Amino acid sequence: MNPKDLMKFMQAKNTFNTNHPRVEPFIKAVVADGIREGSVIEVKVISPEGEAKVCNIRVRESDIELLRLLGGNKE
């Protein structure tokens, strides 16, 4: 990622965290508790009209490193 794109990403991330302050701590807490293979992650989006869309994944071993990075845990 080039520096200009990285700056844009960081600004967008900071804005998101300001608008939704509970999301990042939630992700960090989930990752700190240890997402294990076989865990299920589910996302549900409800439109203003009430239409719901749901997606879930069953975590694989190969997903765990990405989830750690998304949660801010670099270990």
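Reader: Is Leu69 to be read as buried, partly exposed or exposed?

Author: A residue is buried under 20% relative accessible area, exposed over 50%, and partly exposed in between (1.4 Å probe, protein chains only). Leu69 has a relative accessibility of 43%, so Leu69 counts as partly exposed. The model is predicted, so local features need pLDDT of at least 70 and side-chain atom pairs count only at pLDDT 80 or more, whereas totals for chains, interfaces and linings use all residues. Residues are numbered from 1 along each chain as its sequence is written, and side-chain values use heavy atoms, with hydrogens and water left out.

Reader: In which helix does Leu69 lie?

Author: Helices (H or I, at least four residues) and strands (E, at least two) are DSSP runs, numbered from the N terminus. Leu69 belongs to helix α3, residues 64-70.

Reader: What pattern does the chain follow along the sequence?

Author: The pattern is α-α-β-β-α, with three helices and two strands. The radius of gyration (over C-alpha atoms) is 15 Å, well over the 11 Å that the globule rule (2.2 Å times the number of residues to the power 0.38) gives for 75 residues, so the chain is more spread out than a compact globule. Along the principal axes, the C-alpha atoms fill a box of roughly 40 × 35 × 20 Å.

Reader: Which residues form the largest nonpolar core?

Author: In soluble globular proteins, nonpolar side chains tend to be buried together. A nonpolar core is a set of buried Ala, Val, Leu, Ile, Met, Phe, Trp, Tyr and Cys residues joined through side-chain atoms within 4.5 Å. Here the largest core has five residues, namely Val31, Ile35, Val59, Ile64 and Leu67. Leaving aside residues up to four places away in sequence, Val59 touches (heavy atoms within 4.5 Å) several residues, among them Ile35, Ile64 and Leu67. Buried residues make up 9% of the 75 residues in the chain.
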